[in-house]
Amino acid sequence: MKTRPTIAVALHDGWYGCGTGAGYANYGFLEALVDSLPEQARLVLLPVRLSPESWEHQAAWHDRARLLVERVDAEILPVDNGTGGHDRWGGLGNFERLCEHTAERIRREVLPGSGPLLLIAFDVPFFGLPALLPRPVRARTVLVPRSSGLIHTPGDAARIAWERAGLHAGLADGTRIGAISRYLGRHLREDYGIPPSSLISLRDGLSPSEWTAARSRRPDSGIPGEFLLAMGRAQPYKGFDDLLDAMTILRRGGRDLPHLVFAATGESPHPSRYQRSLMARADRLGVECTTLTRFTPQVAGLLTDPGLRGVVIPSRAEPFGRIPMEAFAAGAAPVIATTAGGLAEQVVDGHTGFTCPPNSPSALAEALGRALDTDQRERARMRTRAFHQALRTYDQLGTVRRFLGETAPWLDLPGADDRLRWLSSTEPAVLAGSPVSAVPPVKVPIGRQAGHWNTVVPERLVLVVVHHATSLDRLLDVITVFDSDHRVQVVFSLNGSDPFQHGLQPLLDRLGAVLIPWHQAIETEFDLVIAANHGGLTEISTPLVIIPHGAGYNKNSPGNRKPETGNRKPETGNRSVFGLAPEWLLYNGRPIADSLVLSHEEQLSRLAAATPEALGTAVVAGDPCFDRILRSLHLRDQYRRALGVEPGQKLVTVSTTWSRRSLMGSWPSLFRELLASLPADDYRVAASMHPNIWHGHGPWQVHTWLADCVRAGLLLAPPEEGWQALLIASDVVVGDHGATTCYSAVSGGPVLLAAFPDEDVATGSAADLLGTLAPRLHRHTPLRDQLDAAMRDHKTTTFAPIRDALTSCPGESAARLRTLFYGHLDLPEPATPALVPVITLDTTTIPPRPSALADHVVLSLGENDAPTTISRYPADVSTGERDDSHLDNAFLVAHENHPQRDLLDRAAVILVDPAPDPQERKAALDDALRRNPGAALAAVAVGELSVVQSREGVLVTLKAPDPVVAAALVHEWQLAGQPLDTLPPVTTIVAGPRLVTAQVVSVLAEPVA
């Protein structure tokens, strides 16, 4: 029999119907599981059988559940608890019968077809299952309690003993216990003795469809005016009697109370005894209320009703508590709840609602009074905070993926990017019940006690969210607007939603920025948040500004990605524009950003076509990077000198974005081919690589990949500040569809495109224009000819349309952004103009050309008044399959320390390290010739002098700019058959744009010992 990786799920509620919060949670788990399973996996469900005649059987729910699991062709194996299908719960005897039948079906029908197996059993009725399973299966079993006898039936000693025995039965063999909340994890540890090492977090949350439903329900309550909503199972432990008493206390105190909607619900079509007693008691106490006895969609719809003044949860015991989660997701606030069980970790007093101790009507009355006194503005802020807390905390899909990654590592889960989920894994990964997160919060300059430690007390707090090095580069362009303003404190945080995380913390450390952990960032109230990317920002409840991190909005999103949960799906086959499409800008149909910065008016029409819901957030504020480049154009000569580009030399810069279709991804040999094709005296070659290359593969790897190019003279610019200076200094840029190439086009010089995937470029963007206007670099045509033609034929007006497309307000970006930021901060702008700093170039970050070089050298002795010329080509690199006829008359010069030994074996001239003492110098030259028998000459630099020794023992000392020029002249003179003592006293040599002289100081013939 062919076996498959198998996930088996046993559950008592949520399949045939749903009568409890556990049923909703089980269905949400199944939905997240179905969304996460790879195609090759097998899903087996073992639900407690319910008869269609049972009032607990809900046909519509069952149909929906069946349609869900049909997506993965699940096997359904109902299990029997001895109630004849009439009661999914039953008593202790039913639990025991259920476990026996479930174990039998697992042995007989699940194990024979399973490869690697994970068995997940939800809730108390299955606690006895591990003891009945084969020992190897116990190691692959997770029991997930949703409650316990100690919480709900503390007087039932027999049940509690059975639960304790069942929970412990498989622990020694590897059975694990899932904790749906931190409270329940602590309860299982402290009250049931479960060791922490056996606990695993499986926190309850909302599935994708539940998130959509929470925001899309339309209220149809028929309740006029304002009202309070209390909802939950009609059981005494839910505290509904306490709520009636609290309402009575408030009314007797003269409080004018809203109407109460009392959704104390059950499954029976007839009110239970407890429900009837509640209605009678409310009538006796004079509490004006509407009572709902069965849970229907109408009840959930009340959470979005505009008349809702608060959601009340008066529970006396609560293992988790779904109602706050559902209320937060629906945008309902405040929530007034007790601190019973899991409720204490959900509702934050004064932040997302109001709390009080359980079993205290007077404390509940006080909390209700505070909620009713809250003004409309603060209620709106609570709704926003609560919604974002829910986003951060109740990501069921993310929770299930993490759970499967730990319990079923053999399961080949689809990549997280396949769903483009912004509900990223930002919650600290901690064991259930752990009191602290992995990263402690920062205490100064923000935090509850920051006022005690701060020297300056700022008026406003600004959070800068960093996704990757590219976004940090752009953010540093804009936060100069806060220059010299002590009213504003800026802190940074890494939100972890982007795959390119390498190197961010060291970058921020070098800046001297205060970096706070993301969990603290989303729990702190800032006055403004600024980001230059879109991922993970749904958790922000502060006014949010998103700026582009490139040259406008130029690229289509990579691949056909699915949109964020709650958004509409783009048309099949279309490529959405990164940063302008709904999957980036909306969550549940609402804009994520309060202000979306555009660089050009043209982008308004593209935004209106793609995501009209976000058009009201758009702000045209120009391009700060473009403005800094404009501001720095006058420094071109300074940049060239700092880069070591000599007068008359041409600087060729290779610019590449990231991805397989970029220049680096599609033509990585171009760096070598350019260096090998261009004489080093005439050209310098530099590279500007996208930070995602540096930090995706790692700086060590990038340097390793390009080590031969750097030895050959490549100027490898760092990914941070300074790449703009490289563009300004360049004579020609060879690039692709990246933003850097767009900026090159407006820096004044020619641009050639070595890669340009049209399908990745957004129609109508600046990059689209670049693809139309810039010539292509062809692989099978001499590179030097193409570069020279581009520089010769370039007109400064060629790329004017690109300049016009990058920004519709050149030079104004800093001023416009400052106005925008200070408007959100509700602060007057500083009196001085906004700064536009020039580009700085730190040459210490650009590695110099190594001294241990190797060059192919062509020296032509001048005849008939023709000049003597020298051309040098790096020997570390080759032209590949290209024509290298320019090396036909070349000889090889190599330093004796060069790491490539075969070059030394083929070298005509060996260079040695300088030695100040003449005798040591002579010995070094002799040793070099002895160790390299194929060499004709050895040479060494001595200050302004170069000493060249022939194999015949002749020492020639010349005053020359470097030993390569001196040795080349001596070598060619020897090849011409001329005695070395007849060298011209002075030889003028054309080396690219320079004229250099080689003056003979002495020629000394000594026989070699």
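Mentor: Let us begin with Y743. This is a predicted model, and in it Y743 has a relative accessible area of 1%. Buried means under 20%, so Y743 is buried.

Trainee: Is W723 buried or exposed?

Mentor: W723 has a relative accessibility of 8%, so W723 counts as buried.

Trainee: How is a pair of aromatic rings described?

Mentor: Two values are used: the distance of the centres and the angle of the planes. A search of the whole structure finds 10 aromatic pairs. In one of them, the ring centres of F482 and Y822 are 5.8 Å apart and the planes stand at 45 degrees, so this pair is tilted.

Trainee: Where do F482 and Y822 lie in the chain?

Mentor: F482 is in the loop between helix 17 (469–478) and strand 15 (488–494), whereas Y822 is in helix 34 (residues 813–825). The pair therefore ties together parts that are 340 residues apart in sequence. Both F482 and Y822 are buried.

Trainee: How are the rings of W723 and Y743 placed?

Mentor: Their centres are 6.2 Å apart and their planes are at 40 degrees, so this pair is tilted. W723 belongs to helix 29 (residues 723–729) and Y743 to helix 30 (residues 739–745); the pair links distant parts of the chain, 20 residues apart.

Trainee: Which residues form an aromatic cluster?

Mentor: Y24, Y27 and W61 form one such cluster.

Trainee: Which polar partners does the side chain of N81 have?

Mentor: The side chain of N81 makes a polar contact with the side chain of T83, at 2.8 Å. A polar atom of the N81 side chain also lies 2.8 Å from the backbone oxygen of D87. Leaving aside neighbours within four places in sequence, the contacts of N81 include V48, W89 and R97.

Trainee: What describes the protein chain as a whole?

Mentor: The chain has 37 helices and 36 strands. Buried residues make up 57% of its 1009 residues. Of the contacts between residues at least 6 apart in sequence, 70% join residues at least 24 apart. Along its principal axes, the C-alpha trace spans about 125 × 70 × 55 Å.

Key: Residues numbered from 1 in each chain as written. Predicted model: local features only at pLDDT ≥ 70, side-chain atom pairs only at ≥ 80, totals over all residues. Heavy atoms only, no water. Polar contact = N/O pair within 3.5 Å; in protein donor to acceptor, adjacent residues only side chain to side chain. Contact = heavy atoms within 4.5 Å. Helix = DSSP H or I, 4+ residues; strand = E, 2+ residues; numbered from the N terminus. Buried < 20%, exposed > 50% of the residue type's maximum accessible area, 1.4 Å probe, protein only. Phe/Tyr/Trp six-rings, centres within 6.5 Å; stacked < 30°, edge-to-face > 60°.
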